[in-house]
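User: Can you walk me through this one? I'd like the salt bridges, then the ligand site.

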Amino acid sequence: MTATQNWNPDRYSRNARFVSDLAGPVVELLAPKSGERILDLGCGDGALTEQLAAMGCNVVGVDSSGEQIQAARGRGLDVCIMDGHQLSFNEEFDAVFSNAALHWMKAPDDVIAGVRRALKPSGRFVAEFGGYGCITKVAAAVYSSLARRGIDAAAINPWYFPTIDDYVARLARGGFDVTWIALIPRPTVLPGEMTGWLETFAETFTAALPPQDRAPFLSEVQESLRPDLCTPDGTWVVDYVRLRFSAVRREE
Ligand code: BEZ
């Protein structure tokens with residue numbers, strides 16, 4: 001995750017609670033069993049880690065954000081700060097679970113290698129994250145507003161939204177058999193304005209601007225998206241696409 005993206009837990013709760021609220025299908029795919037030892041990779045403020053613990057799992061959460069880990073610890077969870085590219089576990093988990101985190105990790109082969117090391121033989125890797133085509137309209141608006149200000153957004157883009165083919169190939173090379181995978185368009189209703197979403201998730205881009213230019217930039221992006229992403233009653237609906245999969249560690 002890039003250093004300019006911060007995860008303020010209050011802002012996250014206000015603008016992004018839908019991230020864990022909409023995780024039902026990936027939790028179902030994980031099919032956690034009581035007593036299983038599970039790693040929640042990119043656990044954020046621990047909302048889903050807590051759900052898994054309440055289902056009787058022995059869960060450990062990791063996240064690169066110290067602020068989010070502090071919030072998760074406030075829920076009484078077993079969590080620690082760790083970069084998903086450098087997981088340091090060794091054959092101790094029945095499953096590695098991840099929701100809405102892998103698209104922030106731009107070296108996916110390193111992540112997959114760490115997940116494989118963390119799993120017991122035949123352990124499962126079950127995750128959902130932004131897939132190919134995710135937030136295409138939002139990204140295009142951000143790119144063109146930054147280009148008008150002389151900034152090449154592609155050079156600082158913090159997101160990785162792979163195709164099914166790309167990710168299946170990486171999982172196979174990384175020692176996994178994919179048991180299920182799908183790319184799922186999921187238009188997502190925001191709890192507030194588009195600017196709130198941008199402040200929460202697109203800080204890498206706003207941080208590239210001088211402080212006095214940030215609010216006008218956010219308004220400009222919002223207004224350029226209004227015709228496409230805002231309904232007549234003022235509800236914002238973002239063009240999310242999810243990549244959801246289940247894979248098992250292959251034993252040679
Ligand atoms: C997502 O969860 O798909 C997502 C989050 C932030 C930026 C882009 C996509």
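Predicted model: local features only at pLDDT ≥ 70, side-chain atom pairs only at ≥ 80, totals over all residues.

User: How many salt bridges does a search of the whole structure find?

Analyst: The search finds 21. A salt bridge here is a side-chain nitrogen of Lys or Arg within 4 Å of a carboxyl oxygen of Asp or Glu.

User: Which residue does arginine 11 meet in a salt bridge?

Analyst: Glutamate 203, at 3.0 Å from N to O. The pair links distant parts of the chain, 192 residues apart: arginine 11 is in helix α1 (residues 9–16) and glutamate 203 in helix α10 (residues 203–206). Helices (H or I, at least four residues) and strands (E, at least two) are DSSP runs, numbered from the N terminus.

User: Are those two buried or exposed?

Analyst: Both arginine 11 and glutamate 203 are buried. Buried means under 20% relative accessible area, exposed over 50%, and partly exposed in between, using a 1.4 Å probe and protein chains only.

User: What does aspartate 45 pair with?

Analyst: Arginine 75, with the closest N and O atoms 3.6 Å apart. Aspartate 45 lies in the loop between β1 (37–41) and α4 (47–54), arginine 75 in the loop between α5 (66–73) and β3 (79–81), and 30 residues separate them. Aspartate 45 is buried at 7%. Arginine 75 is partly exposed at 31%.

User: Which residues are in the network of salt bridges?

Analyst: Arg17, Asp45, Glu50 and Arg75 are linked in it.

User: And glutamate 220, which arginine does its side chain meet?

Analyst: Arginine 149, at 3.0 Å from N to O. Glutamate 220 sits in helix α11 (residues 211–229), while arginine 149 is in the loop between α7 (136–148) and α8 (164–173), 71 residues apart. Glutamate 220 is partly exposed, at 26%. Arginine 149 is also partly exposed, at 28%.

User: Switching to the ligand. Which residues surround it?

Analyst: His103, Trp104, Gly130, Cys134, Ile135, Trp159, Phe161, Trp197, Phe201, Tyr240 and Arg242.

User: How far is a ligand oxygen from the side chain of arginine 242?

Analyst: A ligand oxygen is 2.2 Å from an N or O atom of that side chain.

User: How much of the ligand does the protein bury?

Analyst: The ligand taken alone exposes 260 Å², and the protein buries 98% of that. Those areas come from the Shrake-Rupley method with a 1.4 Å probe.

User: One of the surrounding residues is isoleucine 135. What is its phi near?

Analyst: Near 45 degrees, a positive value in a residue other than glycine. Isoleucine 135 is in the loop between β5 (119–130) and α7. Isoleucine 135 counts as buried, with 2% relative accessibility.

User: What about the phi of alanine 31?

Analyst: Alanine 31 also has a positive phi near 45 degrees. Alanine 31 is in the loop between α3 (24–30) and β1. Its relative accessible area is 40%, which is partly exposed.

User: Last one: how far apart are isoleucine 164 and phenylalanine 201?

Analyst: In sequence, 37 residues; in space, 23 Å from C-alpha to C-alpha. Isoleucine 164 is in helix α8.

Conventions:
Residues numbered from 1 in each chain as written. Heavy atoms only, no water. Near = heavy atom within 4 Å. Polar contact = N/O pair within 3.5 Å; in protein donor to acceptor, adjacent residues only side chain to side chain.
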